[in-house]
Each structure stands twice: as structure tokens, then as C-alpha cells.
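Dear colleague,

My notes on it follow directly after.

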Amino acid sequence: MERNGGSHLIQDRWFTVTKIDPITYAISEYGHWEKVHSFLLLGKEQAVLIDTGLGIDNIKRITDQLTDLPIAVITTHVHADHIGSHGQFETIYVHKEDEDWLINGIRGLTLAQIRKDMSRDITLPVPETFDPNRYTPYQGKPTALLREGDVLNLGGRRLVIYHTPGHSPGHISIFDHANGYLFTGDLLYDVTPIYAFYPSTSPADLVASLEKIAQIPNVSQVFGSHNTLGLDPAILQEVMKAVRELRERDLVAHGTGIHRFNGFSVQF
């Protein structure tokens, strides 16, 4: 993977562009403590942007430099750090179970808490347009709703939707069939715990979702939405072991704390 990728050589004050392959890019926000990644996937007829980042800066400035194809936004889930630039795009998909949050606001998190999380531990200069005291998460009606098993054809590239709730009711994971890339949103990443301790989360659903993605065949690489960019698919074997352990030890419940495994951890 090449940072600030390949022939495009995008130099940007806020976003880091990584060329995963000639038709797949990660757009990362390493200057913020959440180290969030969005992903641009190009087909022959259409592009998909998986999430739109924090909204501290406008991600469309980057996607405009990477493709002229029409872009549809796929929302892994409706939390502020994944929908920040949704308002810059015309076509937005979200799972039906997160539709209400997208339209009416994120359940269980106050605006004050969101603004606090958005503005803390920033290590790069932010654009003048970013005012943490006025930051408001995107709200709007989606173009269409996604369900388990939906397939999006970008032209020579098929994306399969898996409903993977737990972190949010309508959280999804996306499998890029041709390349074996599994985009797991906030269901699976490394370094910091996967969160399922808020009242709006479900530890039981999260564990069932981890079990579901661990059984997807022919995964070549796992791309979570935070921290390390690209994880070896062997982590899915560790996920299956963790699922068994969490259930056997009766830990799948709010308040049981942080549980650490080989390569990742979860917090209930």
C-alpha cells in the first residue's frame, strides 16, 4: 500500500490517502485521536465511498481528485465520526435499522458529548471552517435503505452487504467479492477496544455479528474503520475463538468490562 497514493500524489493538510490497489483507496484522518478511515471503491460504472469521516474537513475535496465516477455513500453505521461529510453527496445508503438515527439524530449521545469527542486530542491543524462549539452531526433522509444480502454492482465489482448489529442497530459490514476485502466498520479493528458498552449497543448482537463475519469465505484482508489500516484475515480465526470464550465464560453483557484477545479487544 502506498500512502498519498500512486500517480495521484495527493498532498493534503488533513487527510492521508493510501492506495490499497489501483481501484481502492483509504482516506484517513490520522490527526484525530479516533484515526478514522473512509474507503473509496471504484468500479467501471460507479464508485462507492464507505463512510465520510469526521466532518472536521470536507472529504469530497479528496474524492473529487480520485475519480470522476458518480459516488454513492454507504454508511457502515450512524455515528458522528462516520457521517461527517454526508451532506456533500447526493446518494446515501444506510441500513434500515439506522435510518431513524440518520434522520432524527444519534440515540444515546448528547450533542455536547459529540462536540467534546470531536475536538479533543487533535494533533494536526484543523481548517478554519471547523468550530467545535458549532459542530453538528449530519442529519438527513437517505436515498435508499440497505438490508442483509443486498448486492451493489459498481460495474465489474460486486459489494455484498452483511447486517452486523451490536455497535449500532443498523451497523453493516461490506464484502468486496472480487478482491476479498472485508470492510468491518466499527465491528472489528485493532489497538483500541471495540465498543458495545453504551445503552444503545447490544453485546449479544455484537458477538453474533463477529461470529457472522468470521465465517465469510475467501477474505484476503480486513479493513476496520479505525487504527491499523488493513489486518491479516487470520484475525478472523481469533474472532471465532473469542466468540466461543465470551459465551462460555458468560461475559456477553453490559458491565463486564474490557476483554482482550489476540489482535483485538471488546468493551461491554
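How do the residues of the lining of the largest pocket divide into nonpolar, polar and charged? In this predicted model, nine of them are nonpolar, five are polar and five are charged. The pocket has a volume of about 390 Å³. Among its 19 lining residues, Trp33, Glu34, Asp81, Tyr195 and Tyr198 are the closest to the centre. Helix α3 supplies the largest share of this lining, namely three residues.

The second largest pocket has a volume of about 200 Å³. Its lining includes Gly55, Ile56, Asp57 and Asn58, as well as Thr129, Phe130 and Asp131. By class, this lining comprises four nonpolar, five polar and three charged residues.

As regards annotation, the unreviewed UniProt entry assigns a domain, "Metallo-beta-lactamase", to residues 35-226.

Most residues other than glycine have a negative phi. Asp121, however, has a positive phi of about 55°. This residue is located in the loop between α3 (111-119) and β8 (144-146). Its relative accessibility is 48%, so Asp121 counts as partly exposed. Asn227 also has a positive phi, near 65°, and is placed in the loop that runs between β14 (221-224) and α5 (235-248). Asn227 counts as buried because its relative accessibility is 10%, and the cut-off for that class is under 20%.

Yours sincerely

Conventions: Residues numbered from 1 in each chain as written. Predicted model: local features only at pLDDT ≥ 70, side-chain atom pairs only at ≥ 80, totals over all residues. Heavy atoms only, no water. UniProt positions renumbered as here; feature names shortened; annotations may be inferred. Helix = DSSP H or I, 4+ residues; strand = E, 2+ residues; numbered from the N terminus. Buried < 20%, exposed > 50% of the residue type's maximum accessible area, 1.4 Å probe, protein only. 1 Å grid on protein atoms, 1.4 Å probe; cavity = no way out; pocket = protein on both sides within 12 Å on 5 of 7 lines; lining within 4 Å. Points joined across faces, edges and corners; volume = space filled by probe spheres on them. Nonpolar A, V, L, I, M, F, W, Y, C, P; charged D, E, K, R; others polar.
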